[in-house]
Amino acid sequence: MKKILAVLSVLLIVVSLTACTKKEETPTYELALVTDIGTIDDKSFNQGAWEGVKQYADEHDITYNYYKPTEASTAAYVEAIGLAVDGGAKVVVTPGYMFAPAVYEAQTLYPEVKFVLLDADPHTEDYATFKIESNVYAIYYAEEQSGFLAGYAAVIDGYTSLGFMGGMAVPAVVRFGHGFVQGAEVAAAELNVNVTVKYEYLNSFAPDAAHQTKAAGWYSEGVEVIFAAAGGAGLSVMAAADAATAKVIGVDVDQSSNSASVITSATKGLTTSVYAALTDFYANTFKGGTIVTLDVAKDGVGLPMATSKFTTFNQAKYDEVYDKLVAGTIVVKKDAAKVVDLVVPHVVVTVEGAE
Amino acid sequence: MNTDTMIFLIRNMVPFMIPLTIVALGGMFSERSGVVNIALEGIMVFGASFGIFFIYFVPDLMSPQLMILAAMGIAIISGVLFSWLHAYASINLKANQTISGTALNLFAFAFHDFLARLITKTGTEGVSFKNVFRIEKIPFFGDIPVLGDLFFKNVYLSTFIGLGILVVASFVLYKTRFGLRLRACGEHPHAADSVGINVNRMRYWGVLISGALAGLGGLVLIIPTTVEYTGTVSGYGFLALAVLIFGQWKPSKIFLAAAFFGLMQVISNSSGLAFFTSLGINKYFYQIVPYLTTLIVLTFTSSKSASPKAAGEPYDQGKR
């Protein structure tokens with residue numbers, strides 16, 4: 001029995017090895033996405049970007065694939081980009097500010113390959129040198145406006161005890177949080193009510209029983225809705241909300257399908273912007289060497305009103321405040337060092353843990 | 001401390017405590033039979049995977065409570081099958097048990113990713129599920145003041161199953177012939193062998209029971225704490241190992257240890273509660289608490305460790 005098993009397993013290895021050596025069968029992928037921490041189904045920015053790639057590729061019958069770095073380090077990211085290029089990639093999409101140093105290296109390493117960098121522009125690890133080559137298109141999103149809309153909508157809808165749980169204090173998440181507080185302030189001033197915001201970074205983007213407990217604690221203290229800008233960790237917040245029959249505001253993509261507790265999501269147009277960048281590439285109008293910020297004026301951010309569960313806040317109200325953001329009547333600050341530095345007389349912000 | 005805070009702490013201890021107890025009891029059966037099982041984490045992932053797949057694919061077939069029972073059954077079966085690999089490697093092949101366990105741990109994550117991408121409609125590794133398994137209130141018991149709030153409202157069936165397992169486990173270990181033989185194989189397998197006990201068979205039982213309980217524990221941990229299973233149990237399998245050691249390989253102490261770790265976890269995540277902020281202690285302190293208390297307690301208990309003497313050693317009949 002043992003001998004037969006041994007012979008069989010040797011055969012299996014030999015067969016699979018020979019299968020690998022058939023070079024001509026190795027498929028190539030024109031479009032590639034390298035994932036940041038988390039995977040392509042994080043219900044967050046990896047997924048948003050991936051859906052853009054997938055949608056374009058499927059519609060235009062182009063091969064595509066994604067690559068997952070072995071660890072969260074610049075070396076591993078560069079390596080994964082290398083794999084993608086070896087795999088035949090003409091365009092590499094890299095979602096997340098963590099890719100900035102990796103793309104900084106890769107843009108000169110692979111000048112013939114185009115890069116779409118989300119949430120960042122290429123720079124060295126120590127932020128000393130910023131340089132963007134003609135094969136890189138860097139996209140920022142105005143997360144502060146998206147967060148603003150979420151905070152505004154929540155307070156107008158009658159919630160006065162809010163919570164913010166960010167994944168980590170990385171620039172995009174911080175902008176979401178600061179926007180959220182400012183949105184609550186504007187709405188509170190309009191209604192002349194007082195609003196409280198519990199504010200914390202979880203230091204994690206993954207679901208964990210610990211986050212569920214933390215959220216349950218907040219809900220038991222009277223928090224009515226938590227804005228979970230924390231990728232997969234938000235899933236645990238939703239579990240707590242389900243149990244406490246409380247509410248959650250999702251992030252990045254429309255998360256209403258995840259839980260009945262999701263009243264709305266502060267989205268950014270990851271899918272559409274990646275799709276647009278790929279369209280440009282194939283039309284030979286790739287905006288290489290440019291850095292853009294997609295905001296309300298460019299339909300880069302917003303709330304998915306069709307799936308939102310508001311009672312008093314409505315489309316008309318949404319359009320009104322949206323237009324004010326576009327017109328610049330309301331300006332959302334995004335460069336405050338700390339959330340407590342924001343001037344928000346109607347909102348009491350309690351920072352939990354580190355900021 | 002007011003009652004609300006007390007109730008909150010105890011209620012939120014349960015989602016940690018029950019899976020930790022179940023999984024640590026599993027580890028206990030394995031180690032008491034003489035096989036170290038550090039694959040608990042991997043088996044949890046594996047068991048939860050199949051339990052969640054079941055819920056994912058047959059959403060409306062039966063009532064929620066029946067469905068969770070069926071899912072638990074599937075988690076148990078898959079846990080047993082998966083732990084069979086560990087049993088075969090460490091008993092028949094006399095392989096190093098740590099290496100075999102590590103292999104299972106590494107395999108489980110990758111296997112979940114692979115399988116989930118293959119069979120889910122979205123083709124992604126996250127498997128979302130609707131949590132319909134919470135019981136709002138148990139009739140009659142839920143009306144008891146305080147106790148009703150604590151244990152009979154917003155509960156999961158798994159809580160009672162976990163407590164049941166605890167009782168059964170201590171009965172089996174101490175009051176049955178099987179338990180005595182199992183313990184003998186973990187302490188002095190040669191002595192057990194000399195009186196006609198089949199050591200390898202007992203060890204198989206030990207490992208397979210641990211597989212069953214770890215598989216179940218994985219599912220029980222996931223259900224109340226997220227709305228989508230992504231193939232990770234965030235290290236709670238290793239924490240269960242700590243609970244096992246902390247609990248001195250004894251069911252009742254394991255339960256207390258799990259309660260202790262559960263409480264510490266809740267406290268570290270509850271620094272925002274009014275009671276804790278009113279104490280005026282730095283918020284970081286609460287995050288340190290679980291690790292600090294573990295260090296202190298282990299310092300005092302480690303000297304009288306009651307680990308099974310033959311745990312970790314492959315049984316070799318010829319060696320005396």
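**Stop 1: a charged network**

Start by selecting A:Asp119, A:Glu143, A:Glu144, A:Arg175 and A:Lys268, which salt bridges link into a network. Keep in mind that you're looking at a predicted model. Side chains of opposite charge can pair when their charged atoms come close.

Now zoom in on A:Asp119 and A:Lys268: their closest N and O atoms are 3.1 Å apart, and they form a salt bridge. This pair ties together distant parts of the chain, 149 residues apart. A:Asp119 sits in the loop between strand E4 (114-118) and strand E5 (136-141) of chain A, while A:Lys268 belongs to strand E10 (residues 262-268). Are these two buried or exposed? Both A:Asp119 and A:Lys268 are buried.

**Stop 2**

Select A:Lys324 and A:Glu320 next. Both are in helix H10 (residues 315-327), four residues apart, or about one turn of the helix.

Then click A:Lys131 and A:Glu133, whose side chains form a salt bridge at 3.5 Å, N to O. Over all chains, the whole structure has 12 salt bridges.

**Stop 3: over to chain B**

Finish by selecting B:Leu279, B:Ile281, B:Tyr284, B:Phe285, B:Ile288, B:Leu292, B:Leu295, B:Ile296 and B:Phe300: together they make a nonpolar surface patch with about 870 Å² of accessible area. One of them, B:Tyr284, is in helix H13 (residues 283-301). B:Tyr284 is partly exposed, with a relative accessible area of 41%.

How values were computed:
Residues are numbered from 1 along each chain as its sequence is written. Chains are lettered from A and ligands numbered from 1 in the order in which they are written. This is a predicted model: local features need pLDDT of at least 70, side-chain atom pairs count only at pLDDT 80 or more; totals for chains, interfaces and linings use all residues. Side-chain values use heavy atoms; hydrogens and water are left out. Patches are made of residues with over 30% relative accessible area and no salt bridge: like charges are joined within 9 Å, nonpolar side chains (Val, Leu, Ile, Met, Phe, Trp, Tyr) within 5 Å. Accessible areas come from the Shrake-Rupley method with a 1.4 Å probe; for residues, only the protein chains shown count as cover. A salt bridge is a side-chain nitrogen of Lys or Arg within 4 Å of a carboxyl oxygen of Asp or Glu. Helices (H or I, at least four residues) and strands (E, at least two) are DSSP runs, numbered from the N terminus. Buried means under 20% relative accessible area, exposed over 50%, partly exposed in between (1.4 Å probe, protein chains only).
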